[in-house]
Amino acid sequence: MASAHTSLVGSVDDEPVRERLIRSAMELLADAGPSELKVRTITDRAGVSTITIYHHFGGLQELLREVVIRGYADLRTALLAASAARMNPGARLFAMALTTHEVARRNAHLYDMMFGLSTRGTYRYVASTDRMSSEGFGPAYAVLAATCEDLARTGVSPIAGEQMAAELWSLVHGFVTLEISGQFADFTDPVATILQPMAVNHFVGMGYPRDLSVAGAKQAVRWWKRRQQSQP
C-alpha cells in the first residue's frame with residue numbers, strides 16, 4: 001500500500017488519482033449504495049490515503065459533486081449515441097428513453113443521487129446550480145431537446161420542441177424512477193409492458209400517427225438490442 005500513497009498528484013497504477021477516486025466512489029454507489037460513501041471507504045477502494053480526497057477535491061461533498069457531474073456526462077454520452085442513430089426523430093426519441101433506462105439500471109444509486117433523491121445519513125447532495133447548468137443535466141437535456149426540435153420541424157405534431165422535450169423527459173424519468181425503486185417488480189418486462197406502450201400513447205396524443213409511433217418504437221428496440229450485443 002505504501003507505493004499507492006507516494007504521490008497525491010500523480011498516478012496509481014497509471015490511473016490519475018483524481019480519476020481513481022471518482023471511479024471508486026461510483027463503484028461503491030453501484031455495489032453498496034450511498035451509505036458507504038465515506039472518505040475511508042472511498043480511499044480504501046482507490047488504494048490511496050484519506051488525505052488525497054481533501055487534496056484533489058477539498059472534501060467529500062466536492063468529490064460527490066464530481067461523481068454526479070460524471071453521471072450526467074455518461075447520460076449525455078448515451079443520449080448522443082441514440083440521437084446519432086440512423087432513424088427518424090420519433091424513433092430516436094424512443095431510443096433515448098431506452099438508453100436513459102439503461103444508464104439508470106447500471107447504477108441506480110448514482111441516478112438517484114444525480115436527481116437529488118439519495119441520502120447518506122444526515123448528508124444530502126446539494127447541486128451547484130451554475131455548474132449543473134453548464135456541466136450537469138443541462139448538456140444531457142439539450143440532446144433530448146434538439147431531437148424534439150427535429151421532430152417538431154417535421155410538422156407531424158403541433159407541439160413545440162421545447163414543450164415536447166419537457167413532457168417526454170417527465171414521462172421517461174417518472175418511469176425510470178419508479179422502475180429502479182422496485183415499483184414494477186410484478187411485471188416481467190416493464191420496458192415492454194409499460195414504457196413502450198405509454199410512450200406510443202403519448203406520441204399519439206401529441207398528434208403522431210399511431211402506426212408510425214409503433215413502428216418507431218420497434219425500430220428503437222432493435223437498435224438498442226444491437227447496441228447491447230455489441231458492448232463488451
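User: Is Tyr 141 buried, partly exposed or exposed?
Analyst: In this predicted model, Tyr 141 has a relative accessible area of 24%, so Tyr 141 is partly exposed. The cut-off for buried is under 20%.

User: How many aromatic pairs are there?
Analyst: The count is eleven aromatic pairs. One of them is Phe 115 with Phe 137, an edge-to-face pair with 5.5 Å centre to centre and 80° between the planes. Phe 115 sits in the loop between α6 (108–114) and β3 (119–120), and Phe 137 is in helix α8 (residues 137–153), so this pair links distant parts of the chain, 22 residues apart. Another pair is Phe 137 with Tyr 141, which is tilted, at 5.5 Å centre to centre and 50° between the planes.

User: How far apart are Phe 137 and Tyr 141 along helix α8?
Analyst: They are four residues apart, which means about one helical turn separates them.

User: Which residues do the ring pairs link into a cluster?
Analyst: The cluster holds Tyr 72, Tyr 111, Phe 115, Phe 137, Tyr 141 and Trp 169.

User: Staying in α8, where does Val 143 stand, buried or exposed?
Analyst: Val 143, also placed in helix α8, counts as buried because its relative accessibility is 8%. Beyond four places in sequence, Val 143 touches Arg 76, Leu 79, Leu 80, Ser 83 and Met 96.

User: Next, Thr 100. Buried or exposed?
Analyst: Thr 100 is buried, at a relative accessible area of 2%. Its helix is α5 (residues 89–106).

User: What does Thr 100 touch?
Analyst: Leaving out residues up to four places away in sequence, Thr 100 touches Leu 75, Leu 79, Tyr 111, Trp 169, Val 172 and Val 176.

User: And Phe 94, what is around that one?
Analyst: Phe 94 is in helix α5 too, and counts as buried with 5% relative accessibility. Not counting residues up to four places away, Phe 94 touches Gln 196, Ala 199, Val 200, Phe 203, Ser 213, Gly 216, Ala 217 and Ala 220. For Ala 220, the C-alpha separation from Phe 94 is 5.8 Å, although they lie 126 residues apart along the chain.

User: Which residues have the most contacts inside the largest nonpolar core?
Analyst: That core has 66 residues, and the ones with the most contacts inside it are Leu 21, Leu 37, Ile 42, Leu 63, Val 67, Leu 93 and Phe 203. Helix α4 (residues 60–83) gives the most to this core, ten residues.

User: What is Val 67 in contact with?
Analyst: Apart from neighbours within four places in sequence, Val 67 is in contact with Ile 22, Ala 25, Met 26, Leu 29 and Leu 110.

User: Which residues of α2 are buried?
Analyst: In helix α2 (residues 39–46), the buried ones are Val 39, Ile 42, Thr 43 and Ala 46. They cover an arc of only 90° around the axis, so they are on the same side of α2. After α2 comes Gly 47, with a positive phi near 75°.

User: Now Leu 171 in α9. Buried or exposed?
Analyst: Leu 171, found in helix α9 (residues 161–180), counts as buried with a relative accessibility of 14%. Residues up to four places away aside, Leu 171 touches Leu 195, Met 198, Ala 199 and His 202. Leu 195 is 24 residues from Leu 171 in sequence and 8.7 Å away, C-alpha to C-alpha.

User: Zooming out, how many helices and strands does the chain have?
Analyst: The chain has eleven helices and four strands. Of its 232 residues, 46% count as buried. Among contacts with a separation of 6 or more, 65% come from residues 24 or more positions apart. The chain exposes about 11400 Å², and carbon and sulfur atoms supply 53% of that.

User: What is the mean pLDDT?
Analyst: The mean for the chain is 87, and 86% of the residues reach 70 or more. Residues 1–7 are below 50, and beyond near neighbours in sequence that stretch has eight contacts in the model. Residues 119–123 are also below 50, with nine such contacts.

Terms used
Residues are numbered from 1 along each chain as its sequence is written. This is a predicted model: local features need pLDDT of at least 70, side-chain atom pairs count only at pLDDT 80 or more; totals for chains, interfaces and linings use all residues. Side-chain values use heavy atoms; hydrogens and water are left out. A nonpolar core is a set of buried Ala, Val, Leu, Ile, Met, Phe, Trp, Tyr and Cys residues joined through side-chain atoms within 4.5 Å. Buried means under 20% relative accessible area, exposed over 50%, partly exposed in between (1.4 Å probe, protein chains only). Helices (H or I, at least four residues) and strands (E, at least two) are DSSP runs, numbered from the N terminus. Contact means heavy atoms within 4.5 Å. The arc is that of the directions from the helix axis to the C-beta atoms. Rings of Phe, Tyr and Trp (its six-membered ring) pair if their centres lie within 6.5 Å; planes under 30 degrees apart count as stacked, over 60 as edge-to-face and the rest as tilted. Accessible areas come from the Shrake-Rupley method with a 1.4 Å probe; for residues, only the protein chains shown count as cover. pLDDT is the predictor's confidence in each residue, from 0 to 100.
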